[in-house]
Amino acid sequence: MSLRYFVGYSLLFLARLLRKVFAQVSRAVSLLEQFALIVWTSSEIDRYSRDDWNSWASVQGYARMDHWLATEQALVEKYLSKNGELLNLACGAGREALLLARSGLRVTACDRSPRMVAEARRRAQEAHLPVRLAVADLLDDLPYPEKAFDYLFLTNIALSYIFPKWRRVRFLRQAHSVLKPGGVFIISFALARGNPRIPAGPSEWLFMRLRGRGPFNREYEPGDRLEGAFIHFFRLEELAHEFQEARFLVKEWLGDQGYAVLVKF
Ligand SMILES: C[S@@+](CC[C@H](N)C(=O)[O-])C[C@H]1O[C@@H](n2cnc3c(N)ncnc32)[C@H](O)[C@@H]1O
């Protein structure tokens, strides 16, 4: 074997070894990040999320979006007639509110982030679309009268941004109350895929043991994760149970695509 071959081979070997080591370190670092879920209480997680969604970077990212997401458009065409009152919850920078208003619906939209709402308002004015916008948090009472809307629309997994469970059920009950009898709610969430215990793993095992103790987050639930944002990943039975607790009937499941169509009777 020549020396030149040996040196080249050693470099290749070292590069591959380092790549493996870095991959393991990066996995360990992201595990460390998950610890915010058990160290913070739900209110602290919420405070962080509020600031994060209200950051200029988030607003600018969403302000550029003006197209339907996969599945949304098909559901809109199937379930929403063109002349009803629609409430778009967690509307962000107005992407779907503007698309819905263009289709002829009377659209009211809200989000907890004042900057997102300001951007949605600016875009609606620029497009001469009469969307009524408000800053409103899905964790609080919704600022709308009972039975005010024919349709509710909450897309892009926004139900998964609410936790713990009691807050989601509270929100779903509020949504039920502002919807007219017979009204339709198109709703989106993140599902835990594969293993039904997902997203089980070392962190979840550990957090479930820590959550009952001392200063740790007592409201931590299996499925709570930090994946860019704080997200609750649902198991199907869990989701069905929450819809039922809020007295919604499920008209259509598109669980693998992260959507369901609910009806109020
Ligand atoms: C993924 S963005 C989606 C925005 C928009 N629906 C879209 O699809 O382009 C999530 C939005 O949910 C909003 N949000 C998260 N938690 C919320 C809450 N508790 N109440 C109201 N809005 C919330 C955020 O401010 C953010 O604008």
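Mentor: A nonpolar core is a set of buried Ala, Val, Leu, Ile, Met, Phe, Trp, Tyr and Cys residues joined through C-beta atoms within 7 Å, and a residue is buried if 20 or more other C-beta atoms lie within 10 Å of its own, exposed if 12 or fewer, and partly exposed in between, with C-beta atoms placed from the backbone. This is a predicted model, in which local features need pLDDT of at least 70 and side-chain atom pairs count only at pLDDT 80 or more, while totals for chains, interfaces and linings use all residues. Residues are numbered from 1 along each chain as its sequence is written. The largest nonpolar core has 55 residues, and A97 is among those with the most contacts inside it, together with A120, L152, F185 and I187.

Helices (H or I, at least four residues) and strands (E, at least two) are DSSP runs, numbered from the N terminus. Helix α6 covers residues 95–102, and six of its eight residues are buried, so α6 is largely enclosed by the rest of the structure. Those buried residues are R95, E96, A97, L98, L100 and A101. They pack, by contacts between C-beta atoms, placed from the backbone, that lie within 7 Å, against the helices α4 (56–63), α5 (72–79) and α7 (114–126), and also against the strands β1 (85–89), β2 (106–111) and β4 (149–154). Just after α6, G104 takes a positive phi of about 110°.

Conventions
Two residues are in contact if their C-beta atoms, placed from the backbone, lie within 7 Å.
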